[in-house]
Amino acid sequence: MTKNSSFGRKFQIWFWGIFSFLWVLLIGFFVMIGLELFGPLPSFEQLENPKSNIASEVFTEDHVPLVPYYIQLRTPVSYDDLSPNIVNALLSTEDIRFHNHSGIDARGIARVMVKTIILGQSRSGGGSTITQQLAKNLFPRDTTIYRNSLARNSKLVVTKLKEWITAVKLERNYTKEEIIAMYLNTVAFGSNAFGVRAAAKTFFNTTPDSLSVEQAALLVGVVNAPTRYSPIRNPERSLQRRNFVVSQMAKYGYITDTKRDSIWQHPIELNFRVQDHNQGLATYFREHLRLVLSKDKPNPRSYYSYAQYKEDSIQWENDPLFGWCNKNVKPDGTPYNLYRDGLKIYTTINSRMQQYAEEAVAEHLGEYLQPEFNYEQKQNDYRLFNKDLSNEQIDGILLNGMRQTQRYRGLRNNGATTKEINENFNQAVPMTIFTWQGERDTVLTPMDSIKYYKRILRTGFMAMNPRTGHIKAWVGGPNFKHFKYDHVKQGKRQVGSTIKPFLYTLAMQEGYSPCDLVPNVSQSFVVNDSTWTPRNSGRSEYEGKMVTLKWGLANSINNISAWLMKRFNPYALAEVAQRMGITSHIDPVVSAFLGTSELSVYEMVSAYATYPNKGVHNEPLLVTRIEDKNGNILATFQPQRNEAISDQTAYLMINLLEGVVNQGTAGRLRWRYNLPGHIAGKTGTTNNHSDGWFMGIVPNLVGGVWVGAEDRSVGFENIAQGQGANMALPIFGIFMQKVFEDGHLGVNPTDEWDKPLKLFDVNLDCEGVVSTMKEEESFENDFF
């Protein structure tokens, strides 16, 4: 190198160094006098309340976070909630002089000018401080594309200057700790995780205050280029980047060289859990809650069914949670946005009960019932539908199934003919299907996939505390990703014999007692000038004899229900059911006691919870309170209550329903699941074994289960497998086993029924009046 070239290089270094220094002074002057020479800058109010898409958090009653509602999965944390490891990793990698500057690092800018611009050293590092990067994240750059290079470069210079000024303003308004927390709350980490809390949960299933050195180093490394350094997409690059951050931490004394060398030897260890609405705990509950909170005011033009419009209109007027986001406004007068405003929603769900419920569904359906159904299908040469259906009816069901698919709608929208659509649905294509063992890649025709999914048994399960109305568990189906339809609230099916307790309630209300004797003989009704005689299924040695009401309900004898129906009209049955929480229409006909009305699991649990609550009905409650992003309480919620029946009537009904478990169709709760303590319940089955039901009651918890296929024409061939005691009851049994074993949920085998305030002299011990029967002799009367 010649003397002249050496002098030229030194001159350039001094020139750009002095220029950089003067430029920083000039920017500082503009900041001091508030001159917005470079266009609009963030105001003080904007700096105090920067706009960002903050996810609304959802919590269980035991403070376990569920997957939030979001556009960007971002939930902020304070500096005190950060592990020192994530702070040290950030400072050592992005801005080691962070605590020594006021938003702009003159040494950093000079380094960029000299080493990057003059010397061309691309690896010399950037000049942006953490505060400048925060300014860019909070107030994004103009993304307009300019073809002219001069205009493009000029715009870049102006944008950079605005970021510098904004950075200085941020330093004036926030402490260093607040800036670090804000930065880590705004940056993107990839895999749909925005902010350090979402990243810690997504990549390691942990919280920001528990991040280890290697975990913190990986996250800080990812920020530089979330896709390039993604531990999922590019694990080798991610490992190299993590190790670089670790070396920086050692360089600046945050960890020892020994610690650095030890981490270098370890591969990346993830506990990767994508947080989306198809995954996590209580998926069906979260979706139902989302729909409830974001409901618009009902407009009759938006409804196909007047009954649904009427139901929603009543909820809009009477339920403060229904449409809450659109009923309430923020201080600026705009409605709350569930996806942007960072609400904190505290639900009634108990995380452990919810987990037990989901496990119970998976164990019973996945390990027992679905394999049994698949075996029966195989034995019947895979005849999917009821044998009484004609080919024309079957074709109609499959056509309707086709029309409900996105494939069909897409083909229709593209102008495909009926012939072309049929051909498309009968051409094999690769696809991923649901199985209880996990998703499976296979090749099927779309029509075969429709038939496959029609064989998958569905379920709805809900449990609630009868005294508070708090919903504790909610499972709307086998798998939310593959089966979006919710069979707790959305789905309604015929309830079979689970409706009979409402009829018996009328009898207890009018002075009957469980041990009253009634004739077990057939009853006939005149209906439209014809005679209708409901029958019992199976034979019984007690036909034609006097039996107790308790025995009649325990064994679900239709003769006894018909005898009661003759004494209490069907309008009274519908009325008492509605007082107890049934909102769907019950057709007031004499056959109503057979359970032909279509009701939801939600309604049935709500109504049955009246019995252990001394006759007081609590409307099921989803949420206890809602807070804003700063923790200010915006709303609290209490269940709507009404005295549906007397406490004496409720107590007598509990005694009757205990007989179902101790002496009748639900006996397997005792001899198979070995459940101790006070348990009451009722089984239900519909024609052709299409629907299996079980309603279970213990003193402090009520649960309801429905199991069936998508179509009522699909089901078990025989009653032994198709009855509610086999299809639905086991889910409640497994669930209660887990709840009792937990021992810390306020539900125990030693719990007692609440007694009426006014004692009354009624014989509840029917032993000896009628001897008990074996379950095999009685189960067939559980359906109509």
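Predicted model: local features only at pLDDT ≥ 70, side-chain atom pairs only at ≥ 80, totals over all residues.
User: Which residues do ring pairs link into a cluster?
Analyst: Residues are numbered from 1 along each chain as its sequence is written, and side-chain values use heavy atoms, with hydrogens and water left out. The cluster consists of F434, W436, Y452, Y453 and F483, linked by ring pairs. Rings of Phe, Tyr and Trp (its six-membered ring) pair if their centres lie within 6.5 Å; planes under 30 degrees apart count as stacked, over 60 as edge-to-face and the rest as tilted.

User: How many aromatic pairs does the structure hold?
Analyst: There are 22 aromatic pairs. In one of them, F434 and F483 have ring centres 5.3 Å apart and planes at 85°, so they sit edge-to-face.

User: And where do F434 and F483 lie?
Analyst: F434 is in the loop between β6 (429-433) and β7 (440-444), and F483 is in the loop between β9 (471-475) and β10 (493-494), so their pair ties together parts 49 residues apart in sequence. Helices (H or I, at least four residues) and strands (E, at least two) are DSSP runs, numbered from the N terminus.

User: Are those two buried or exposed?
Analyst: F434 is buried at 4% relative accessible area, and F483 is buried too, at 6%. Buried means under 20% relative accessible area, exposed over 50%, partly exposed in between (1.4 Å probe, protein chains only).

User: Switching topic: what about helix α9?
Analyst: Helix α9 (residues 213-223) has 10 of its 11 residues buried, so it is largely enclosed by the rest of the structure. The buried ones include V213, Q215 and L218.

User: What covers the buried residues of α9?
Analyst: The cover includes α3 (84-94), α7 (176-186), β3 (188-190), α8 (196-204), α10 (235-251) and α11 (257-264). T186 is found in α7 and is buried, with a relative accessible area of 15%.

User: Nice. What is T186 in contact with, leaving aside its neighbours within four places in sequence?
Analyst: T186 is in contact with R74, L134, N137 and L138 (contact means heavy atoms within 4.5 Å). From T186 to V196 is 8.2 Å, C-alpha to C-alpha, and they are 10 residues apart in sequence.

User: Last one: which ring does the charged end of K176 sit over?
Analyst: K176 has its charged end over the ring of F98, 4.3 Å from the centre. A charge sits over a ring if NZ of Lys or CZ of Arg is within 6 Å of the ring centre and within 35 degrees of the ring normal.
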